[in-house]
Amino acid sequence: EEYVREQNHKADDGQNYRPDVIINLPDDKHIIVDAKVSLNAYNDYVNADDEASQAQFLKQHIDAVRHHIKSLSAKAYQHLPALHSPDFVFMFMPVEPAFLAAFQHDEKLFMDAFDQRIVVVTPTTLLASLRTIESLWSIERRGRSADELSQHASKVYDRLRIVVEKMDKLGSQLHSAQKTYDETYSSLAQGRGNLVNTANQFVELGVRIKKKIPQENKDSTNETS
């Protein structure tokens with residue numbers, strides 16, 4: 001999720017480049033890691049039987065590292081259009097003694113690499129850098145989680161507000177309907193000379209009906225009259 005391997009990128013001049021590893025950073029930034037440095041001369045240096053051979057192979061090892069720094073700088077991975085990379089590219093040396101052998105015997109090598117925007121890293125220093133990047137992603141994820149929580153809370157609040165507003169409106173409508181009902185019922189069945197009382201007088205005069213008005217209304221009529 002935070003890195004890709006050997007992803008092809010095309011430069012402005014149409015040439016294809018395939019960095020060994022691209023580490024993704026928050027805010028769409030990247031770090032490029034190159035791991036193609038040759039250690040053949042170093043292996044010969046370690047296995048040499050005499051000091052003269054060791055000195056020869058050590059010089060070849062330093063020259064190989066310097067050459068790779070120069071060629072890596074010339075590629076300018078950090079300027080590829082699709083990448084938003086820092087100005088530096090990590091050159092990974094997987095064998096720390098090989099790094100020490102080269103940089104202890106040529107004290108200018110590290111600064112020469114730095115001036116060419118190349119940072120030489122080993123398993124130890126690369127791991128420390130990756131730990132820092134991991135921390136950046138942890139902070140980024142916590143920030144995203146907080147933003148998502150805030151968005152969900154905002155949506156819940158808005159929906160609750162809409163429900164409350166509708167309940168208030170419904171309550172007002174029910175109150176209005178109850179008031180209209182009470183006024184209508186009062187005119188119909190309450191007070192002297194109301195319509196229910198008048199209709200009951202027809203029954204007393206002998207008018208034939210199918211069903212009497214409910215007793216509750218009749219009682220309330222009698223009480224009012």
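**Aromatic pairs, a nonpolar patch and selected residues**

Y42 and Y45 are three residues apart in helix α1 (residues 40-47), and the two are therefore separated by about one helical turn. Helices (H or I, at least four residues) and strands (E, at least two) are DSSP runs, numbered from the N terminus. The model is predicted: local features need pLDDT of at least 70 and side-chain atom pairs count only at pLDDT 80 or more, whereas totals for chains, interfaces and linings use all residues. Residues are numbered from 1 along each chain as its sequence is written, and side-chain values use heavy atoms, with hydrogens and water left out.

Rings of Phe, Tyr and Trp (its six-membered ring) were paired if their centres lie within 6.5 Å, with planes under 30 degrees apart counted as stacked, over 60 as edge-to-face and the rest as tilted. Three aromatic pairs were counted by this rule. The ring centres of Y42 and Y45 lie 6.1 Å apart with the planes at 40°, so this pair is tilted. Y42 is buried, at a relative accessible area of 11%, while Y45 is partly exposed, at 21%; buried means under 20% relative accessible area, exposed over 50%, and partly exposed in between (1.4 Å probe, protein chains only). One aromatic cluster is formed by F99, F103 and F110.

V163, M167, L170 and L174 make a nonpolar surface patch of about 390 Å². Patches are made of residues with over 30% relative accessible area and no salt bridge, like charges being joined within 9 Å and nonpolar side chains (Val, Leu, Ile, Met, Phe, Trp, Tyr) within 5 Å. A salt bridge is a side-chain nitrogen of Lys or Arg within 4 Å of a carboxyl oxygen of Asp or Glu. Accessible areas come from the Shrake-Rupley method with a 1.4 Å probe; for residues, only the protein chains shown count as cover. V163 belongs to helix α5 (residues 123-189) and is partly exposed, with a relative accessible area of 48%.

F114 is located in helix α4 (residues 108-115) and is partly exposed, at 36% relative accessibility. The C-alpha atoms of F114 and I69 are separated by 9.5 Å, although these residues are 45 residues apart along the chain. R117 occupies the loop between α4 and β7 (118-121). The phi of R117 is near 65°, a positive value in a residue other than glycine, and R117 is partly exposed, with a relative accessible area of 37%.

H68, in helix α2 (residues 51-75), is buried, with a relative accessible area of 12%. With neighbours within four places in sequence left aside, H68 is in contact (heavy atoms within 4.5 Å) with D34, K36, V37 and M91.
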